[in-house]
Amino acid sequence: MNLLERIGQRRDGLTESEQTLARYVAMNYAGLAYEPAAQIAQKCDVSAATATRFFTKLGYDSFADVQREVREQIEQRLSSPLGRLGTMASGDASLTDMVARTLEHDLRAIQAAGSGMQPSRIIGMAEILVQSKGTLYLYGEKKAHAIAFYLYAQLNLCLDRVVLLTSERSLLADRLLQIGPDDILLVVDVRRYVPSTLYAAQTFSERSAQVLLLGDSETSPLAGMANFGIYCPVDGASLFDSYTALMVMANALSNVVAAQRKVETAQRLEEAERLWARFQTFTLKSKP
């Protein structure tokens with residue numbers, strides 16, 4: 001069990017000061033590997049003794065053990081494509097093998113994502129979205145934005161209030177001015193993790209709004225503040241991470257939401273067809 005998992009398991013039993021430390025850990029997970037415990041305590045406005053007791057309460061013998069664990073996880077998860085470039089082979093035979101390896105690798109990732117408790121978690125996340133009385137905000141940065149956009153295109157046809165947060169960081173804070181406790185943030189974020197997704201999630205959490213995460217690991221900095229998460233493997237067969245399993249989970253989530261709102265989805269699709277015809281969205285007309 002890693003640090004963030006331990007915090008999640010004991011969150012209800014944490015004091016107010018410990019809750020402050022827990023939020024700091026979630027927001028600054030990577031930096032934890034090299035930051036002294038006394039400095040963390042100072043930033044959280046708690047005593048050094050409180051910080052020490054916090055990590056002891058989580059089951060660590062010392063803060064050095066915490067840092068060792070975090071460093072190992074960072075080394076495993078935050079390697080860049082540049083660092084993997086030198087291991088790639090070239091030549092026709094190698095390239096053919098790479099195509100085969102990529103397809104096989106992605107199929108295994110889909111199977112891994114679909115096994116175990118993932119189906120029940122997809123249904124659980126869908127129920128949260130269907131029961132919501134507020135606005136659903138979708139957000140993802142860099143390649144994760146593609147998954148967020150896909151979710152928007154699907155869920156906008158099923159739910160009444162869906163907003164895609166775009167990537168202009170200078171305007172992101174402005175778009176969060178109206179966030180209330182009934183709203184939901186569904187954020188897509190995977191290694192190497194983008195700070196603005198953490199800030200957005202923190203804003204929703206501070207306003208008692210729910211945060212849902214479609215991510216790659218429960219060691220993600222966002223996992224500690226998410227109310228509900230679905231996690232998929234993103235390790236690629238070669239240079240780049242694979243988002244295949246994430247896309248499959250996004251599609252499954254959309255299908256479950258549509259099934260749970262069948263009547264409302266049909267009504268929205270009828271209106272969508274009228275608008276698509278007016279704007280000549282498609283070359284071919286759909287058949288009734």
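This is a predicted model: local features need pLDDT of at least 70, side-chain atom pairs count only at pLDDT 80 or more; totals for chains, interfaces and linings use all residues.
**Stop 1**

Select residues 3-10, which form helix 1, and residues 16-27, which form helix 2. Two packed helices are described by the angle between their axes and the distance between the axes. For helix 1 and helix 2 the angle is about 150 degrees, and the axes lie 11 Å apart. The crossing of helix 1 and helix 2 is left-handed.

Now show side chains at the contact. On helix 1, pick Leu 3, Leu 4 and Ile 7. On helix 2, pick Ala 22, Val 25 and Ala 26.

**Stop 1: Lys 142**

Move to the loop between strand 1 (136-140) and helix 9 (144-155), and select Lys 142 there. Lys 142 is not a glycine, yet its phi is positive, at about 50 degrees. Is Lys 142 buried or exposed? Its relative accessible area is 70%, and over 50% counts as exposed, so Lys 142 is exposed.

**Stop 2: Ser 208**

Go on to the loop that runs between helix 11 (195-206) and strand 4 (210-215), where Ser 208 is found. The relative accessible area of Ser 208 is 58%, so by the cut-off of over 50% Ser 208 is exposed.

Note on methods:
Residues are numbered from 1 along each chain as its sequence is written. Side-chain values use heavy atoms; hydrogens and water are left out. Helices (H or I, at least four residues) and strands (E, at least two) are DSSP runs, numbered from the N terminus. Buried means under 20% relative accessible area, exposed over 50%, partly exposed in between (1.4 Å probe, protein chains only). Axes are lines fitted to C-alpha atoms, for helices over the stretch in contact, and angles run from 0 to 180 degrees between N-to-C directions. A crossing is left-handed if the near helix is turned anticlockwise from the far one by less than a right angle, and right-handed if clockwise. Contact means heavy atoms within 4.5 Å.
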